[in-house]
Amino acid sequence: MDLGKFISEGKKSIAQYRPPLSYELVGRRYNFLMDDGYDYQLNFIDEKTLEWGWKGETGKAEYLCAKGDETTFLLTYALEGRELRENHTWVIDLEQWLVTRIVSIVGENPRYPFVIKPKYEFGMIEREGVPYSVYPRHGFTSDMVGNVVQWNYGMMETVHIYYCTDFYRITYPPENEATRTINEAVESLPSSDEPTAYIKIKDGIYLFSLTKSNSEKLLGDRMQLRSNTMCMLQNYRRVYQVGRTFGTDTRSGEVKSLHLMFGAFGRIRTGEEKFEKFLSDPNPFLV
């Protein structure tokens with residue numbers, strides 16, 4: 001018997017280790033008090049649809065939601081009917097009643113139309129009897145700097161080098177023959193450095209956000225998977241992550257929107273000599 005027939009197509013991708021989607025927020029309404037002064041409303045109608053309100057606009061969207069731990073949710077959806085494709089991603093932290101928002105828009109850069117530059121904002125969740133306060137907040141962090149982590153997505157593995165607060169590097173396990181050709185493609189670039197954001201959610205829980213920007217500018221349609229943003233809610237108590245990717249896929253020859261959630265299990269590889277140079281090499285994209 002071919003046991004592979006039981007595996008759905010979605011499980012033959014980086015979504016293989018994604019946990020079941022979470023529907024715990026169905027029926028709930030939240031008002032997020034954001035530090036940029038524009039509060040944001042979410043109403044979870046059912047297991048697929050939510051209503052949002054922001055800056056005087058309202059709309060409906062199909063959403064995906066997964067949990068990083070028992071009280072922390074990663075939520076993603078695309079705004080419908082926009083001239084430019086727009087994604088909103090949230091970390092909803094019901095332990096500390098805090099939120100982080102990431103807005104990603106495709107098409108804002110006229111020279112590089114697939115390049116995305118995410119925007120980050122922080123806030124708190126409104127509760128009856130609890131006034132707005134300036135702190136505490138999720139926030140940008142250097143906690144992860146100096147670490148090397150190998151992530152297994154099922155269909156592939158990657159090694160992330162978190163070497164500074166604004167960039168990361170990627171390579172593929174040198175002992176894995178299946179990824180040697182991918183390494184060769186990465187090595188055709190001056191470096192694999194890409195812009196990132198590291199955000200502390202709570203002790204042991206971090207949001208790592210990367211954008212394929214330099215590779216998009218240099219390789220263009222040779223990339224096929226274009227300037228995607230990937231937001232990963234990483235739980236280092238379990239060395240596990242849930243994430244979402246948003247961007248553009250041109251592998252079929254057509255321009256298609258890419259938006260899905262995934263999961264991965266990790267292995268700490270900090271201190272291994274074979275990865276040390278990735279922590280110290282200069283970034284060729286910067287003066």
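I take a salt bridge to be a side-chain nitrogen of Lys or Arg within 4 Å of a carboxyl oxygen of Asp or Glu. The model is predicted, so I keep local features at pLDDT of at least 70 and side-chain atom pairs at pLDDT 80 or more, while totals for chains, interfaces and linings use all residues. I number residues from 1 along each chain as its sequence is written, and side-chain values use heavy atoms, without hydrogens and water.

Entry: salt bridges.
I searched the whole structure and found 16 salt bridges. Asp-36 and Arg-101 form one, at 3.1 Å, N to O. Asp-36 sits in the loop between E1 and E2 and Arg-101 in strand E7, 65 residues apart (strands are DSSP runs of at least two residues, E, numbered from the N terminus). Arg-101 is buried at 5% relative accessible area, and Asp-36 is partly exposed at 29% (buried is under 20%, exposed over 50%, partly exposed in between, with a 1.4 Å probe and protein chains only).
Lys-200 and Asp-203 also pair, at 2.9 Å, N to O. Here Asp-203 is exposed at 53%, and Lys-200 is partly exposed at 27%.
I also noted a salt-bridge network linking Asp-69, Asp-93, Glu-95 and Lys-202.

Entry: nonpolar core.
I use the term for buried Ala, Val, Leu, Ile, Met, Phe, Trp, Tyr and Cys residues joined through side-chain atoms within 4.5 Å. The largest has 24 residues, and Phe-32 is one of those that touch the most other members. Strand E5 gives the largest share, four residues. Another core, of 18 residues, lies apart from it and includes Tyr-162 and Met-232.
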